[in-house]
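Reader: I would like to learn how to read a structure of this kind, step by step. Could we take up one feature after another, with the general idea given before each case?

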Amino acid sequence: MSVRERLRGPVSSRRFLQLAVGTVAVLGLVVTSGAFVRLTGSGLGCDNWPRCGSTPVPAMDFHPMVEFGNRVIAVGGILASLATWHAARRVASLPTWVVHVALAAFLGTVAQIPLGGVTVILDLHPLAVMSHFLLALVVVALSVVVAFEAWSNATGLAAPVVPRWLRLVAVAGVVACAVMVVTGAIATASGPHPGADQDVHRLGLGIRDTVYVHVRATAVFGIGLLLVGWQLLRARRSVPGVVRLALVLLGVLLVQMLVGEIQYRNALPWGLVLAHVTLAATIWALTVAVTYTLWRPPLALVARSAERVEALGEPVRSR
């Protein structure tokens, strides 16, 4: 079979699932890489944007190599999301709207290129840096949706087995998580890591004030997660896989809170801030995942017994 035939031929559900999950992992690495650039002060390491200096390969200095390395990883994210979208078009029985979501994720990764350029041109203005980070999280969320739809397409899709009100509360939890992430980004934009060694403009907000708001946003999200988790535990026989996913989310959140407390009490060392940002992206992805599986759970995450589902008048569906 020629390369052209392989690119145009059908893609199996299992293969597409592997590709979609791999794309989520690569995009998560892009987020961490971008945070590494900022926290090491390498945000302006490459001049002459979109080039990196006057040669194809940047100078063998720390800041240019860090910035250039981030660009290479970002290209990997673009290629991975492109491959996922291209494969989604050739997967049998995959809903058309999932293909559109995969396309949106790809376009989001492409949009990071000019947005990154604007960020450099504006000398790392904190609002531009925040936009760069938040767009990356939107792309991650879209990719998580595609990955779970790929899982359902490969193993079967079950009907929701928890009450509608609980699913709506979980959606509110996604909003609360977004507020937590945004307030965390504002706190970072007010902290001691501007992204470069030069005198970079800051938001002008006090770090104590921004952290105060961020901590309370985290508390709201945490309380909401406990309430949703409690309801899921009561329905654990129906949604055992979703309960496990929610417990992982709770565990990561607890680690995140511990890291946040330690970093604040130690004047925000960049290594701990990097861990904090990575955990924040993980929490965001897991929150989207838990909420999404309450609405469209893969069959592998719910009880195999059909009696519980039929009792709600919503029979199990499969593809």
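Predicted model: local features only at pLDDT ≥ 70, side-chain atom pairs only at ≥ 80, totals over all residues.

Reader: Is Ser 143 buried or exposed?

Author: Buried means under 20% relative accessible area, exposed over 50%, and partly exposed in between (1.4 Å probe, protein chains only). Ser 143 counts as buried because its relative accessibility is 6%. Leaving aside neighbours within four places in sequence, Ser 143 is in contact (heavy atoms within 4.5 Å) with Thr 23, Val 24, Leu 27 and Ala 105. By contrast, Leu 107, whose place is in helix 4 (residues 96–121), is partly exposed, with a relative accessible area of 47%. Of the 319 residues of the chain, 50% count as buried.

Reader: Which elements make up the chain?

Author: The secondary structure of the chain comes to 10 helices and 0 strands.

Reader: What span should helix 2 have?

Author: The expected span of a helix is 1.5 Å times one less than its number of residues. Helix 2 (residues 13–39) has 27 residues and should therefore span 39 Å, which agrees with the 39 Å between its end C-alpha atoms. Helix 2 is followed by Gly 41, whose phi is positive, near 70 degrees.

Reader: At what angle do helix 6 and helix 7 pack?

Author: Axes are lines fitted to C-alpha atoms, for helices over the stretch in contact, and angles run from 0 to 180 degrees between N-to-C directions. Helix 6 (residues 164–189) and helix 7 (residues 207–234) pack at an angle of about 160 degrees, with their axes 9 Å apart. That makes helix 6 roughly antiparallel to helix 7, given that angles under 35 degrees count as roughly parallel, over 145 as roughly antiparallel, 65 to 115 as roughly perpendicular and the rest as oblique. By class, the contact of helix 6 with helix 7 has 16 nonpolar, 7 polar and no charged residues, where Ala, Val, Leu, Ile, Met, Phe, Trp, Tyr, Cys and Pro count as nonpolar, Asp, Glu, Lys and Arg as charged, and the others, Gly among them, as polar.

Conventions:
Residues numbered from 1 in each chain as written. Heavy atoms only, no water. Helix = DSSP H or I, 4+ residues; strand = E, 2+ residues; numbered from the N terminus.
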